[in-house]
Amino acid sequence: MRYIVMQIAFICCMFIPAKAVAWGDLGHQIVCEITFSELNPNAKAKVKSLISRDSEYRSFSKSCTWPDHPRIRAREHYVNLERDQSEITTDPCPTAKNCVVTAILKDMAELGLTNDPDEQLKLIKSLGHWVGDIHQPVHVSFADDKGANDIRVGRPCNSSLHSVWDTCIIKESIGRDPNVVSAELVTKITDTDRAKWTLNDVDQDAVVGWANESFEIAKQPETQYCVINGDTCQYSETEVVFTGVEKVVIADQAYLDFHAPTVRQRLKMSGVRLADILNTIWP
């Protein structure tokens, strides 16, 4: 009887949709490994000192997964737009009171003001996570399909389109060791890249710009997230919004390999921009 119950539980779990967790633990670790390598000596020493206080995490890169374990401030992991919006403009959270854009601005401001090391520790962990989140393309998307969680894919990912961008592209086409992947990506970052990605002060316009970069990727036909019809990014050819009949995207190995360069770029940009924030706070 116990064996039968275990079988039923296993089968049921196969059909539970993955929750929206940007980049997954692997992606967040890669971002924050890149960040740590980009810190100036003072900022690096400060981050190391703060992490040494943490009872759960022993490295900055792993601490950046903290807001997912357990999930905290759920609405601040993403930003949702209306289907007929082409970009985020003056309202950083078009469909809610707060979102990942305001989370970054809030935590960055608080980190710059507080001298409490316990509060600083909490803020570098959350801020590191939010900056990773906003660079994951389908975390800037639509509420009705839960940021592509209601779009199915088959092998090799066997999950949702959201999970493809969270984790599967990285694992199947980039690498599974965050230290190895981040080290390789850092070697590809040029001074020109750094200057271009951190051109402006990190204010609301800059963070909204990061979100709009992600949204442009999400809307590209090659991503297969939505179907452009005039000014509307529809769920499918026949449905403007998701109404219960899930569409299926062929996210095969060719799809993963095609989008791997984009994911590499977003990971690098995220790491450099997070480092720029921390280097500004602790010059």
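# Reading a predicted chain, feature by feature

Modeller: Start with Pro156, which is placed in the loop between S3 and H7. Keep in mind that this is a predicted model.

Colleague: Which peptide bond at Pro156 is cis, and what is its omega?

Modeller: Look at the bond from Arg155 to Pro156. It is cis, with omega near 5 degrees. There is another case to find. The bond from His69 to Pro70 is also cis, with omega near -5 degrees. Pro70 is in the loop between H4 and S1.

Colleague: Let me step back to the whole fold. How many helices and strands are in the protein chain?

Modeller: The protein chain has eleven helices and six strands. Along the principal axes, the C-alpha atoms fill a box of roughly 55 × 55 × 35 Å.

Colleague: What percentage of the residues of the protein chain count as buried?

Modeller: The cut-off comes first: buried means under 20% relative accessible area. By that test, 52% of the 283 residues count as buried. Now turn to the outside. The accessible surface comes to about 13300 Å². Carbon and sulfur atoms own 55% of that surface.

Colleague: Now the cysteines. What is a disulfide?

Modeller: A disulfide is a covalent bond between the sulfur atoms of two cysteines. In a model, you look for a pair of sulfur atoms within 2.5 Å. This rule gives four disulfides here.

Colleague: What is the pairing when the bonded cysteines are numbered in sequence order?

Modeller: The pairing is 1-2, 3-4, 5-6, 7-8. Take Cys93 and Cys99 as one example. Their sulfur atoms are 2.2 Å apart. Both Cys93 and Cys99 are buried.

Colleague: Is the link of Cys93 and Cys99 left-handed or right-handed?

Modeller: Read the angle about the S-S bond. For this link it is -75 degrees, and the link is left-handed.

Colleague: Where does the disulfide of Cys157 and Cys168 sit?

Modeller: First, the bond itself: the two sulfur atoms are 2.1 Å apart. The angle about the S-S bond is -95 degrees, again a left-handed link. Cys157 is in the loop between strand S3 (151-153) and helix H7 (161-173), while Cys168 is in helix H7, eleven residues apart.

Colleague: Why does Cys157 count as buried?

Modeller: Its relative accessible area is 14%, so Cys157 is buried. Cys168 is buried too, because its relative accessible area is 9%.

Colleague: Next, single residues. Where is Arg75 found?

Modeller: Arg75 is in the loop between helix H4 (60-63) and strand S1 (79-80). With a relative accessible area of 54%, Arg75 is exposed. Then look for neighbours from elsewhere in the sequence. Not counting residues up to four places away, Arg75 touches Asn98, Cys99 and Val100. Arg75 and Asn98 are 23 residues apart along the chain, and their C-alpha atoms are separated by 6.9 Å.

Colleague: Is Asn212 buried or exposed?

Modeller: Asn212 is buried, because its relative accessibility is 13%. It lies in helix H10 (residues 204-219). Leaving out residues up to four places away in sequence, Asn212 touches Glu87 and Ile88.

Colleague: Last topic, the backbone. What is phi of Ala148?

Modeller: Phi of Ala148 is near 80 degrees, a positive value in a residue other than glycine. Ala148 is in the loop between strand S2 (140-141) and S3. Its relative accessible area is 0%, so Ala148 is buried.

Colleague: Where does Gln224 lie?

Modeller: Gln224 lies in the loop between H10 and strand S4 (227-229). Its phi is near 65 degrees, also positive in a residue other than glycine. Gln224 is partly exposed, because its relative accessible area is 33%.

Technical notes:
Residues numbered from 1 in each chain as written. Predicted model: local features only at pLDDT ≥ 70, side-chain atom pairs only at ≥ 80, totals over all residues. Heavy atoms only, no water. Helix = DSSP H or I, 4+ residues; strand = E, 2+ residues; numbered from the N terminus. Buried < 20%, exposed > 50% of the residue type's maximum accessible area, 1.4 Å probe, protein only. Contact = heavy atoms within 4.5 Å. Areas by Shrake-Rupley, 256 points an atom, 1.4 Å probe, with all protein chains shown as cover.
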